[in-house]
Amino acid sequence: MNMFRLAASAALALAATAVSAQQTVKIGFITSYSGLNGNLGPYMERAVRLYLKQHEKDLGGVKVELLTRDDTGPNPDKARQLAQELVVRDKVNLLAGVIFTPNAMAMAPIATEAKVPFVIMNAGTAVITTRSPYMVRTSFTLWQSSYPLGQWASKKYKTAYSLVSDFGPGHDSEEGFSKAFEEGGGKMLGKVRVPLQNPDWAAYMQRVKDAKPDVLMVFIPAGKTATAVMKNFSDLGLGQAGIKLIGPGDVTTDEELPNMGDVALGVLTVHHYSAGATRPQNKAFVAAWKKEYGQNETPNFVAVGAYDGAAIIVDAIKALKGNMDPDKTMEFFKTWKNPNSPRGPISIDPETRDIVQNEYLREVKRVGGQLANVELETVATALKDPWKEFQKKK
Amino acid sequence: MSGYSADTRIRWTEWLPWVAAGLFFFLMPEYLSLGARILIFILFALSLDLILGYAGIVTLGHSAFFGLGAYTAGILSARLGVNDAFLQLAAAAGMSALLGMLTGAVILRTRALTLLMLTLAITAILLEIANKWSTMTGGADGLSGVQVSPLLGLFKFDLFGRTAFLYCLIVLFAAWWVVRRIIYSPYGAMLTGIRDNAARMHAIGAPVYWRLVMIYTVSATMAGVAGALLTQVNQFVGLNVLGLEPSGDILVMLILGGVGRLYGAFVGPVVYIVVQDTLAKQYPEYWYFGIGVLLIFVVLFARGGILGIFDKLRDKWLSHSRPKSSARASAR
Amino acid sequence: MLSSVVSVAFHGVAYGMILYVISVGLSVTMGLMGFINLAHGVFAMAGGFVLSSFMARFGVPFPLAVLSAFVLVALGSVVLERLLYSRLYGAGELTQVLFSIGLILVSMASARLIFGDQAARVLLPDYLRGQLHMMGRDFPTYRVFIIFFSLGIILLLWFGVERTRWGAMVRAAVDHRAMAQSVGINTRLLFMATFALGSGLAGLGGALGADILPVQWAYPFEHLVYFLIVVAVGGLGSLRGPFIAALLIGVADTACKYWVPEFGAFLVYAATIGILLWRPMGLFGVRA
């Protein structure tokens with residue numbers, strides 16, 4: 001029986017291959033493997049490869065070729081040159097990836113001019129997707145997490161202080177949070193922007209401590225900076241002083257939790273994804289990740305953005321049977337929905353080509369001896385990027 | 001080491017880079033965006049060679065001029081709507097020249113580590129300004145919306161990078177011609193004199209300091225032009241044009257090719273960028289290991305950079321076959 | 001106001017101490033051997049990784065792990081010195097710059113391969129965590145420890161250089177190498193020992209500071225500028241200079257972030273330029 005089914009499906013696959021004449025869809029995948037935050041690129045690639053591996057069989061014989069390129073960090077001219085080459089020389093059907101906002105912005109004109117759909121799998125500054133009609137984003141915007149965070153915080157706390165990294169996503173996070181917090185009747189005691197590469201955090205933490213807010217909202221790019229912030233928060237005793245640490249999920253990003261140790265316990269964040277989420281789709285995703293890359297490895301929000309990015313691409317290939325006409329692809333992207341993402345139901349807003357998703361309030365707790373972001377409640381359902389909504393009203 | 005020489009005619013070998021560039025244009029049309037990038041860094045390296053190779057000024061801050069040029073061209077277009085390529089180039093050159101002259105006048109009295117740190121601090125400050133003044137520069141998100149009108153009203157910057165490549169090539173050729181004129185002039189000879197023994201040049205009455213400021217300004221101008229080219233080709237400026245990293249990169253490229261020999265600035269960027277590009281496709285997470293090994297190898301076995309290897313080979317060959325002419329070769 | 005001045009001074013001094021312990025070796029190697037060693041941060045990174053892997057993998061207690069960081073990095077640096085650095089003494093600053101950048105790249109890639117992408121995990125023992133309450137303000141225990149520990153190291157170092165025979169030889173060699181050599185000082189051995197000590201101290205500083213400056217494969221490049229500033233502002237070949245410079249930078253940086261955070265790192269660079277123009281040899285430089 002088993003043998004028969006295997007043979008049958010093999011025959012079917014062969015037939016399909018013959019029909020589509022060995023079609024190949026090429027994806028130009030640009031991300032950061034080296035340089036500042038070069039640790040995030042591998043998460044992205046692993047997620048895409050994992051999804052492709054899981055769903056290769058559904059493609060009806062269309063082959064997917066992933067051409068990976070390293071943009072070496074926030075290096076827009078390099079990213080643009082790579083994109084240009086991928087389009088001109090390798091004739092890719094799609095561009096994808098990108099950790100950093102400036103790189104995505106520099107690549108936007110290429111996508112427009114060459115009419116190559118461009119799936120942004122991380123870079124989270126709100127404005128990015130307005131730069132080209134061929135862009136679609138499967139990750140998040142900072143407004144999406146920071147705005148509901150501000151709304152939620154304004155109900156519980158009176159005064160807040162914000163501490164963000166001094167770059168696009170940081171500014172978005174600061175604005176989103178303080179707008180919502182002040183609309184809810186809260187008072188911002190201060191806002192500080194910190195250089196991206198900042199060695200010692202004590203001065204900033206002391207400043208916050210002396211201002212005595214109820215909550216401190218922190219956004220820094222996920223990674224070792226998050227750990228440094230967390231340790232300084234604890235070293236300087238801000239917690240004992242009665243200040244609560246909150247933020248978008250970057251500050252308690254899943255893969256850094258073990259490095260932070262107990263100081264992270266009790267930190268509240270709002271984010272679209274947590275590796276500790278208990279919905280079955282996520283459990284399956286995390287299990288598949290561990291099976292593929294080792295028991296000690298954990299996917300994070302960068303991985304899930306890329307995983308869903310691969311999903312939107314695979315679904316488009318299926319729908320268009322491998323004929324990736326750019327405009328038809330974009331039409332497909334605009335109406336794409338996925339009720340079963342590891343982060344819950346998601347879709348693309350046809351108007352802005354940006355992700356629509358739920359935001360969850362989470363708390364760092366000890367689960368089975370390990371720290372995890374435990375989802376407490378859904379603070380926003382099917383949330384569009386608030387920044388773009390406000391722009392429309394203006 | 002090249003320097004003042006009675007024989008300033010262009011040797012046939014000096015045409016080789018230009019022939020190579022021409023062949024590249026026709027034979028590898030799919031690599032032109034990489035090609036344009038290489039040309040820009042050759043120009044940048046050439047500007048560094050003028051001060052490092054010929055005047056002995058060691059700097060870790062040459063990106064200050066490169067970045068200022070890049071931002072000048074970008075801001076002119078994105079904020080002020082000036083989209084003419086040559087106006088952008090001229091403005092970038094002017095701003096960088098001004099900065100070169102001002103900072104040069106202040107810092108060129110120092111030497112060695114102090115000079116190194118002063119140049120580094122200057123580019124770091126510019127980086128801070130570019131980051132903070134985001135209404136003008138776009139801050140860390142970069143400056144988008146840069147446009148360049150078709151050159152001479154005819155040639156549009158196309159997706160294949162044809163126009164960009166030829167445009168960069170022409171600018172580089174002009175710069176090469178200027179540099180060549182300078183290093184083979186009495187002024188160039190004075191510079192190498194300063195590099196080799198500043199005290200002696202003082203002693204014979206040469207205005208050492210002003211000569212250095214002058215060449216520093218020329219070099220800054222060229223670096224600014226290179227930066228403007230980068231902006232025009234990419235229609236984007238990011239913070240990565242300023243600070244330690246681009247300064248270090250260009251220094252490495254130049255020393256790799258060979259310092260103070262004009263064509264080292266051609267060979268270094270080609271080798272560095274091609275090796276980087278190739279390695280990064282194979283091993284995106286570890287490519288810099290290969291570059292590191294290459295650098296250490298050059299240091300241990302080829303002090304004069306890549307061109308130094310050729311010199312040694314030629315000298316060896318010449319001393320075998322025509323012992324008499326080796327004197328001329330080593331004198332150069 | 002007054003109490004915030006105390007806090008700023010405190011945090012600045014703690015930060016400055018780490019900078020000093022890491023950078024002092026660089027000042028000595030540059031002053032003594034004239035070697036522009038941009039790769040000095042590699043040793044600090046190595047120290048951080050030794051500390052974290054000894055603690056996490058082999059359960060070595062914190063004090064012993066810090067000591068191992070010093071010893072292992074010093075030993076490792078001797079190997080490097082013999083194999084590579086010693087070939088380049090007197091090779092010209094460009095060659096040295098190129099070499100040390102090459103070394104940085106190789107060690108960054110190696111560190112990434114061995115230790116992965118995450119920062120070294122440093123879990124301090126309980127007795128070094130928490131705050132000490134003094135003069136109406138809280139002071140993080142670990143930073144108090146860093147200040148006193150570093151002071152101890154510094155006093156030891158000064159005693160060594162000012163009062164011992166080895167120190168006299170080092171000072172002689174810094175002042176006039178050829179003369180030192182001609183009176184029979186074995187400069188080769190002296191260089192090696194000094195290099196090992198300087199690198200070991202960097203390793204120690206990297207390990208001690210790992211809780212504040214997270215150690216990850218990109219470390220040698222990230223903090224390079226600060227190490228260089230300390231050395232250049234302090235002056236080459238001096239012990240006192242970099243100490244003052246490190247404290248100055250630590251405090252200035254902290255003060256700037258505390259009171260005028262919108263200036264970012266601007267003030268530190270401006271101060272560097274100002275000081276170097278005022279005293280091109282650095283504050284206490286023996287040679288430029």
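Author: In this predicted model, chain A is divided into domain 1, covering 19-140 + 279-350, and domain 2, covering 143-271 + 358-393. The bounds come from an automatic or database domain assignment, and the centres of the two domains, taken over C-alpha atoms, are separated by 27 Å.

Reader: What makes the contact between domain 1 of chain A and domain 2 of chain A, and how many residues does each give?

Author: Domain 1 of chain A gives 13 residues to the contact and domain 2 of chain A gives 19. On the side of domain 1 that touches domain 2, strand β12 (residues 344-349) of chain A gives the most, with 3 residues. By class, that side of domain 1 has 4 nonpolar, 8 polar and 1 charged residues.

Reader: Why is the pairing of strand β3 and strand β4 of chain A counted as a pairing?

Author: Two strands pair if at least two bridges are found between them. Strand β3 (residues 94-97) and strand β4 (residues 118-120) of chain A have 3 bridges, in the parallel sense, so they count as paired. One of the residues involved is G97(A), whose bridge partner in β4(A) is I120(A).

Reader: Which strands make up the open sheet of chain A, and in what order?

Author: The sheet has 5 strands in the order β2-β1-β3-β4-β5 of chain A, with parallel pairing. Strands β2 and β5 (135-137) of chain A are called edge strands because each pairs on one side only. From one strand to the next, the twist averages 25°.

Reader: Why is helix α6 of chain C called roughly perpendicular to helix α8 of chain C?

Author: Helix α6 (residues 165-175) and helix α8 (residues 187-209) of chain C pack at an angle of about 105°, with their axes 11 Å apart. Angles of 65 to 115 degrees count as roughly perpendicular, and that makes α6(C) roughly perpendicular to α8(C).

Reader: Which residues make the contact of these helices?

Author: From α6(C) come M169(C), V170(C) and A173(C), while α8(C) gives T187(C), L190(C) and T194(C). By class, the contact of α6(C) with α8(C) has 4 nonpolar, 2 polar and no charged residues.

Reader: How do you know that chain A and chain B are in contact, and what does the side of chain A look like by class?

Author: Residues are in contact if their C-beta atoms lie within 7 Å, and 31 residues of chain A are in contact with 27 residues of chain B. The elements giving two or more residues to the side of chain A that touches chain B are α2 (40-55), β2 (63-70), α3 (76-88) and α4 (101-114) of chain A. Helix α3(A) gives the most to this side, with 8 residues. By class, the side of chain A that touches chain B has 13 nonpolar, 9 polar and 9 charged residues.

Reader: What makes up the side of chain B that touches chain C?

Author: Here 34 residues of chain B are in contact with 34 residues of chain C. Helices α5 (112-132), α11 (244-257) and α13 (287-301) of chain B are the elements that give two or more residues to that side of chain B, and α5(B) has the largest share, 11 residues. The residues of this side divide into 25 nonpolar, 4 polar and 5 charged.

Reader: What is the predictor's confidence in chain C?

Author: The mean pLDDT of chain C is 87, and 98% of its residues reach 70 or more. Among the elements of chain C, strand β1 (residues 131-134) has the lowest mean pLDDT, 80, and helix α3 (residues 62-83) the highest, 93. The model scores ipTM 0.87 and pTM 0.88.

Definitions and conventions
Residues numbered from 1 in each chain as written. Chains lettered and ligands numbered in written order. Predicted model: local features only at pLDDT ≥ 70, side-chain atom pairs only at ≥ 80, totals over all residues. Contact = placed C-beta atoms within 7 Å. Helix = DSSP H or I, 4+ residues; strand = E, 2+ residues; numbered from the N terminus. Nonpolar A, V, L, I, M, F, W, Y, C, P; charged D, E, K, R; others polar. Axes fitted to C-alpha atoms, helices over the stretch in contact; angles between N-to-C directions. pLDDT = per-residue confidence, 0-100. Parallel < 35°, antiparallel > 145°, perpendicular 65-115°, else oblique.
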